[in-house]
Amino acid sequence: MQQRTDLKETISRSSGVPLYLQLIDVLTHDIENHVYKAGDQLPSERELCDLYQLSRITVRQALQELEREGTITKKHGKGTFVAEKPIQQNLVNLYSFTDEMKRLGKIPKTKVLDFEVIRLNSRLAKKLKMDAGIEVVRVTRLRLADDRPLMYETTYLPRTIFPYLTREQFEQRSMYTIFRQDYDVYVTKVVEKFTATKMQKNEAAQLTEATGTPAILIKRYGYDHERLVEYTSSIVSSGKFYYRVEITN
């Protein structure tokens with residue numbers, strides 16, 4: 001980690017800019033210029049107070065704002081660290097996780113955590129627009145980019161459409177590739193619903209987060225034209241992934 005030599009000169013008490021905003025600018029500048037890199041621990045509140053001759057309230061206000069923006073993250077009992085840069089997903093076109101990560105220059109990887117055939121209960125049957133008791137394949141996967149865990153996914157696939165799916169197929173190829181190559185099924189439309197949630201213990205463990213960490217719950221319905229072929233429930237760490245919507249008139 002590089003060292004700053006002009007600490008006090010970076011904060012001006014005569015500029016009219018609130019001191020906490022100035023400290024935000026200083027820390028953001030240092031992070032963007034790799035004085036502090038992703039995963040590095042920042043100085044403690046007390047150390048920042050001494051470095052910049054600021055009050056504890058001012059320093060805390062700056063850190064809280066940076067944490068809210070996702071620039072830093074606090075780990076209980078350990079300190080404050082520079083957060084990994086979150087991955088942006090634009091909600092404009094149909095996408096697959098594998099193809100999108102490749103487009104962003106990252107190496108996608110999928111770990112199959114569970115694969116089994118189950119019978120639908122009433123709640124899941126309604127989501128899939130099928131009768132209760134029908135067999136589906138349930139696949140639980142961990143999606144990674146550059147070996148960084150991003151998404152915990154549970155997918156339900158009707159066996160009436162995909163009768164011969166195996167765990168090995170999901171370990172070797174992307175799901176949509178399997179659809180196209182083995183079943184001539186093409187996902188032409190997707191409906192996604194987003195809800196704020198908190199990670200449960202098993203999800204947090206896979207995503208290397210603490211239980212109760214804020215997350216995004218995504219319910220994804222994939223259609224081949226008007227036929228529903230996929231229902232996926234995903235848990236995404238809100239600090240590692242974010243969605244962007246651009247609306248024009």
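# A hairpin and the sheet around it

In the hairpin of strands E8 and E9, two residues lie between the strands, and histidine 225 takes a positive phi near 60 degrees. The model is a predicted one.

## The chain as a whole

The chain has eight helices and 10 strands. It holds 249 residues, and 42% of them are buried. Among contacts with a separation of 6 or more, 57% join residues 24 or more positions apart.

## The six-stranded sheet

In what order do the strands of the open sheet run? The order is E4-E5-E6-E9-E8-E7, six strands with antiparallel pairing. Strand E4 (108-119) and E7 stand at the edges. Each has a single partner strand, so one side of each is left without a neighbour in the sheet. Neighbouring strands are turned by 15 degrees against each other on average, with direction ignored.

Several of the pairings can be followed residue by residue. The table lists four of them.

| Strand pair | Sense | Bridges |
|---|---|---|
| E5 and E6 | antiparallel | 10 bridges |
| E6 and E9 | antiparallel | six bridges |
| E8 and E9 | antiparallel | 10 bridges |
| E7 and E8 | antiparallel | 10 bridges |

Start with E8, which spans residues 214-224. Nine of its 11 residues are buried, so strand E8 is mostly covered. Phenylalanine 194 has isoleucine 218 of E8 as its bridge partner. E8 also pairs with E9, residues 227-237. In that pairing, alanine 215 stands opposite serine 237 of E9.

Now take E6. How many of its 11 residues are buried? The count is 11 of 11, and E6 is described as mostly covered. E5 and E6 form a hairpin with two residues between them. Aspartate 146 sits in the turn, with a positive phi of about 55 degrees.

Which residues of H7 are buried? They are Met175, Tyr176, Thr177, Ile178, Phe179 and Tyr183. These buried residues pack against E5, E6, E7, E8 and E9, and also against helix H6 (167-172). Aspartate 184 follows H7 and has a positive phi, near 55 degrees.

## The second largest pocket

The second largest pocket holds about 430 Å³ of space. It is lined by 20 residues, and the closest to its centre are Ile31, Val82, Ala83, Glu84 and Lys85. Which helix gives the most to this lining? Helix H1 (residues 19-32) does, with three residues. By type, the lining divides into eight nonpolar, four polar and eight charged residues.

## Two residues in detail

Threonine 80 is found in strand E2, residues 79-82. Is threonine 80 buried or exposed? Its relative accessible area is 12%. The cut-off for buried is under 20%, so threonine 80 counts as buried. Beyond residues up to four places away in sequence, threonine 80 touches Asp40, Gln41, Leu42, Ile72, Thr73 and Lys74.

Serine 12 lies in the segment before H1. Its relative accessible area is 26%. Partly exposed covers the range between the buried limit of 20% and the exposed limit of 50%, so serine 12 is partly exposed. Leaving aside neighbours within four places in sequence, serine 12 is in contact with Leu19 and Gln22. Serine 12 and glutamine 22 are 10 residues apart in sequence, and their C-alpha atoms are 7.9 Å apart in space.

Key:
Residues are numbered from 1 along each chain as its sequence is written. This is a predicted model: local features need pLDDT of at least 70, side-chain atom pairs count only at pLDDT 80 or more; totals for chains, interfaces and linings use all residues. Side-chain values use heavy atoms; hydrogens and water are left out. Buried means under 20% relative accessible area, exposed over 50%, partly exposed in between (1.4 Å probe, protein chains only). Helices (H or I, at least four residues) and strands (E, at least two) are DSSP runs, numbered from the N terminus. Two strands pair if DSSP finds at least two bridges between them. Axes are lines fitted to C-alpha atoms, for helices over the stretch in contact, and angles run from 0 to 180 degrees between N-to-C directions. On a 1 Å grid over the protein atoms alone, a cavity is a set of points where a 1.4 Å probe fits but cannot get out, and a pocket is an open set with protein on both sides within 12 Å along at least five of seven lines; lining residues have an atom within 4 Å of a point. Grid points are joined across faces, edges and corners, and a volume is the space filled by probe spheres set on the points. Ala, Val, Leu, Ile, Met, Phe, Trp, Tyr, Cys and Pro count as nonpolar, Asp, Glu, Lys and Arg as charged, and the others, Gly among them, as polar. Contact means heavy atoms within 4.5 Å.
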